[in-house]
Amino acid sequence: MERPYDLSSMTALICFEAAGRHGSFKAAANEINVTPAAVSHQIKALEEDLGCALFLRRHRGVGLTEKGAFLLVALQRGFEGISAAVTHLRERPQAVDVTIRATTAVSALWLTPKITTFWKTHPSITVAQIVSDVEPAAGRHDMAIGYMAPARDGDDWQELFRDRIVALGTAQFAAEHRVHGVTDLLRAPLVHLSGEDSPWTGWEEWFRALGHPAPRGRSFLVNNHMIALQAAEDDVGAVLGWEGLMQGMLARGRLVNLVPESIPSTVPFCLRVRPRASANARLFARWLVENAT
């Protein structure tokens with residue numbers, strides 16, 4: 001009997017999603033409680049089944065190929081729908097006080113450290129995250145945070161902060177490509193965020209705002225900001241980042257400001273609180289606004 005869905009092994013797809021989200025076979029193995037070799041085996045089998053490479057293997061880790069990034073987003077969309085349905089059927093609202101939705105970049109670079117700080121003063125309030133770069137039509141979350149302009153839709157919108165957009169890369173990349181000023185970046189390899197609906201400012205807009213023409217160097221396209229940052233860490237190219245959002249990564253020296261120039265972002269980072277949010281959710285929302293910077 002013909003199957004209604006054209007799917008590869010679900011085990012392989014689960015291993016791939018975890019590895020793609022973490023950017024690491026080892027971290028994926030720890031999450032799903034198997035060995036890194038088992039994850040590698042499943043992903044190799046998946047690549048053979050699909051007839052294409054999903055990861056770029058490097059000496060300092062792995063990064064997604066363009067096809068790998070495409071599959072990761074599709075899987076996250078599907079798994080998110082399954083997760084929402086399971087959560088709905090379990091009907092355990094008492095297990096979580098606050099559910100907040102965020103993109104991968106906002107969660108990893110800004111929100112998760114904020115939640116950790118919040119718990120130190122409010123240990124009895126449980127906060128759960130839904131991390132996804134795909135905006136759903138609906139979902140069981142109390143609030144969402146992201147790079148988005150407020151809308152008149154009945155929700156409570158709070159602007160958290162406006163950031164400055166800077167050019168980032170490693171010190172090694174700057175030395176190798178002799179980056180001393182903005183004009184040097186015009187010919188350097190650049191990591192671009194692709195996607196028709198992406199609100200992120202692109203390189204052409206960044207250069208234009210600084211009075212320069214479009215870049216003419218080699219391009220590397222991805223559709224996920226965390227993957228773009230990983231590519232920059234691997235010296236694939238320079239990447240645009242948000243100065244405030246990237247404070248932790250910059251402080252650790254993983255990436256550096258390549259040039260002193262920057263531009264203000266046209267869109268703020270906002271918190272969107274839904275009307276049905278509980279008292280605890282609204283308490284957490286107020287705390288986030290007060291401690292945004």
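Colleague: Which residues is Ser107 in contact with, leaving aside its neighbours within four places in sequence?

Modeller: In this predicted model, Ser107 is in contact with Ala102, Thr112, Pro113, Gln129 and Val131, once its neighbours within four places in sequence are left aside. Each of these counts as a contact because heavy atoms come within 4.5 Å. Ser107 itself belongs to helix H5, which covers residues 104-121.

Colleague: Why is Ser107 called buried?

Modeller: The term applies under 20% relative accessible area, and Ser107 has 7% relative accessibility, so Ser107 counts as buried.

Colleague: What links Arg254 and Glu233?

Modeller: Arg254 forms a salt bridge with Glu233, since their closest N and O atoms are 2.8 Å apart and the cut-off is 4 Å. The two belong to distant parts of the chain, 21 residues apart, with Arg254 in the loop between helix H10 (247-251) and S11, and Glu233 in helix H9 (residues 225-233). With a relative accessible area of 36%, Arg254 is partly exposed, while Glu233 counts as buried at 13% relative accessibility.

Colleague: How many salt bridges does the structure hold?

Modeller: The structure holds eight salt bridges, and Glu17, Arg21 and Glu31 are linked in a network of them.

Colleague: Why do S10 and S11 count as standing at the edges of their sheet?

Modeller: The sheet is open and has three strands in the order S10-S7-S11, with antiparallel pairing. Strand S10 (239-242) and strand S11 (256-264) each have a single partner strand, so one side of each is left without a neighbour in the sheet. From one strand to the next, the twist averages 30°.

Colleague: What makes S7 and S11 a pair?

Modeller: At least two bridges are needed, and strand S7 (residues 164-169) has five bridges with S11 in the antiparallel sense, so the two strands pair. One of the residues involved is Arg164, whose bridge partner in S11 is Pro264.

Colleague: How do you know that the buried residues of H11 are on the same side?

Modeller: In H11, the residues Ala281, Phe284, Ala285, Trp287 and Leu288 are buried. They cover an arc of only 160° around the axis, which puts them on the same side of H11. Ala279 and Glu290, on the other side of H11, are exposed.

Colleague: What covers the buried residues of H11?

Modeller: The cover includes H5, together with strand S3 (98-102), strand S4 (127-131), strand S5 (143-147), strand S6 (156-161) and strand S12 (269-273).

Conventions: Residues numbered from 1 in each chain as written. Predicted model: local features only at pLDDT ≥ 70, side-chain atom pairs only at ≥ 80, totals over all residues. Heavy atoms only, no water. Helix = DSSP H or I, 4+ residues; strand = E, 2+ residues; numbered from the N terminus. Buried < 20%, exposed > 50% of the residue type's maximum accessible area, 1.4 Å probe, protein only. Axes fitted to C-alpha atoms, helices over the stretch in contact; angles between N-to-C directions. Arc of directions from axis to C-beta. Salt bridge = Lys/Arg side-chain N within 4 Å of Asp/Glu carboxyl O.
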